[in-house]
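Dear colleague,

I am handing over the structure that follows, together with an account of what was found in it. Please keep it open beside this message while you read.

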Amino acid sequence: MGEVRVRFAPAPTGELHVGGARTALYNWLFARGRGGRFILRIEDTDPERSREEWVEAILASLRWLGLDWDEGPQVGGDFGPYRQSLRLALYREKAEELKERGLAYPCYCTPAELEARRREALSRGASPGYDGRCRNLSVEERKALEREGRRPALRFRVPPGRTSFRDIIRGEVSFSHEDLEDFVILRSDGLPTYLLAAAVDDALMRITHVIRGEDLLPATPRQILLLEAMGAKPPEYAHLPLLVGPDRQPLSKRHGATSVDWYRQAGYLPEALLNYLALLGWSYDGVREEFTLEELVSLFDLERVGKNPAAFDMDKLTAFNARALRRLSDAEFARRALPFLERSGLGLEGSGMETLERAAPLVKERVSRLDQVPSLLEFLFIEAEYDEEAEKVLREAPPELLPAVLEALEGLGIWERGAIEAALRRVQQELGLTPRAAFQPIRAAVTFRTVSPPLFESVELLGRERTLKRLKTALGRR
RNA sequence: GGCCCCGUCGUCUAGCGGCCUAGGACACCGCCCUCUCAAGGCGGAGACACGAGUUCGAAUCUCGUCGGGGCCGCCA
């Protein structure tokens, strides 16, 4: 048994989406868990749809997720190049070979003609696939069609019979060749189609296991046929259940966030996204749900991947993210939150990073995404405006409260949480107020909000000078 | 329309013939804790699509019905 070699082969037609990320993850986990190699291949044979910026975006998202590849763009490897647009001659050569052996034949039908016939077939309830019109053209007929200026595409001549294979996830799957139709392997412009390019590359790159979405299940018998025609041994196949939206429809933009990068910007942790994605179609024992990437590597198993489409549930992802955030050390939390503060225009010069780290334990359990951090900690870095609720609380506060608080805090010897709490509770009790009635106005004055990290810690963190200043400002407004 | 795949709480799932009065998680509801918001603790509601069959016994096996999805492109 040779080395396991798997590949993730995205087409650069958009950002990496969560479905693709899950496919990449399963491939990666399988490779890492079996001491194999994870190969990244860019399927950019269609110049119409492929764009360089998407290649960059996909690589960046994979890197952010931490799914590193052993062979592929930017890292090289012995079976490159790893971009199909750089391998076009190879595909043309293989296609030519098949044609010479009579296993493929030129088809002169134009896309418009094919489309018309498809429609027609569909309208009378027949199968819309290729009708085999050019399958048995004579040399003369071909010449005549070429004289018309038609540039042929190359179609694979599907032989009679049946192709069966054992899918690791689905078990025995079987297709009658009668339902396959002769498919195009080389477009009339000389570019290969997916069916050919993927088959050629899977063979040349010695791929041992193809792990991909269920949408490609019907492509499998065709690729096996091609592989066999080329004298290559087909790899093992594992077709993952599709990811769907809350409405059970295929996951798409209209469900909102589908791109991995959106989740990065929204403050999701890559480890949380990966953990959640791992569970979308796979489970360990149905009870344990939280795993580190290392644990997933040793526990993941294709045999335990389910067969039914899984609905992507952002709420559950968010719950995973919230717990992952709480597990972070204070320093790590601060490091990860920093870009979000900067993005919100909160510069952290001087001792800012230290403040952020000290605030980490206070905010960690109050946010489920990093993009919620800035609004909670803003008061530590800038003089903000009171929000509407804070405004109201201050307006309705007992008039004697703030002056008493000011006096109590001004007299504090050491500016420390315990002392601050003692002082504030004393004021609260002396004025005969409930804790809430006393503390909410203080919170509003000091943090500009009615929702904030715990009051005493917030006051300590803010420091004596700024706290007193804010209390005075609030008093002056009355 | 044809072919293929799939069907356990709203969602992700455990279950691979008796351990199931079907377990866990998210979401939801209630209570507790509490300086706000959270977090946390405790409790609750909530599913085997349906119908036959096999069997002493079926969520688990078989068939059918119904339902959902994928593919049928010179996209991948």
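**A contact in a loop**

The side chains of R150 and E148 are joined by a polar contact of 2.9 Å, where a polar contact is a pair of N or O atoms within 3.5 Å; within protein, one atom must be able to donate a hydrogen and the other to accept it, and residues adjacent in sequence count only if both atoms are side-chain atoms. R150 sits in the loop between α5 (139-147) and β4, and R150 is buried, with a relative accessible area of 19% (buried means under 20% relative accessible area, exposed over 50%, and partly exposed in between, with a 1.4 Å probe and protein chains only). Helices (H or I, at least four residues) and strands (E, at least two) are DSSP runs, numbered from the N terminus.

Before going further, please note that this is a predicted model, in which local features need pLDDT of at least 70 and side-chain atom pairs count only at pLDDT 80 or more, while totals for chains, interfaces and linings use all residues. Residues are numbered from 1 along each chain as its sequence is written, chains are lettered from A and ligands numbered from 1 in the order in which they are written, and side-chain values use heavy atoms, with hydrogens and water left out.

**The RNA strand**

For K316, a polar side-chain atom lies 2.9 Å from a base nitrogen of RNA strand B.

The elements that each supply at least two residues of the surface near the strand include α4, β4, β6 (171-176) and α11 (314-327). This surface divides into 28 nonpolar, 16 polar and 26 charged residues, where Ala, Val, Leu, Ile, Met, Phe, Trp, Tyr, Cys and Pro count as nonpolar, Asp, Glu, Lys and Arg as charged, and the others, Gly among them, as polar.

**Pockets and a cavity**

Rolling a probe the size of a water molecule over the atoms shows where empty space is left. On a 1 Å grid over the protein atoms alone, a cavity is a set of points where a 1.4 Å probe fits but cannot get out, and a pocket is an open set with protein on both sides within 12 Å along at least five of seven lines; lining residues have an atom within 4 Å of a point. Grid points are joined across faces, edges and corners, and a volume is the space filled by probe spheres set on the points.

The largest pocket has a volume of about 1200 Å³, and of the 40 residues that line it, P10, A11, H17, G20 and D215 are the closest to its centre. Helix α1 provides the largest share of this lining, 5 residues, and the lining as a whole holds 16 nonpolar, 14 polar and 10 charged residues.

The second largest pocket contains about 690 Å³ of space; it is lined by 31 residues, of which L114, R118, Y130, R155 and V184 are the closest to its centre. Here α4 gives the most, with 6 residues.

The count comes to 1 cavity of 30 Å³ or more. Among the residues that line the largest cavity are S375, F379 and R449, and helix α14 (residues 373-381) gives the most to this lining, with 4 residues.

**Aromatic rings**

A search of the whole structure finds 14 aromatic pairs (rings of Phe, Tyr and Trp, its six-membered ring, pair if their centres lie within 6.5 Å; planes under 30 degrees apart count as stacked, over 60 as edge-to-face and the rest as tilted). W262 and Y263 form an edge-to-face pair, 4.9 Å centre to centre and with 80 degrees between the planes. The rings of W262 and Y268 have centres 6.4 Å apart and planes at 35 degrees, so this pair is tilted. W262 is partly exposed, at 35% relative accessible area, whereas Y263 is buried at 0% and Y268 is buried at 2%. Ring pairs link W262, Y263, Y268, Y276, F312 and F320 into a cluster.

With best wishes
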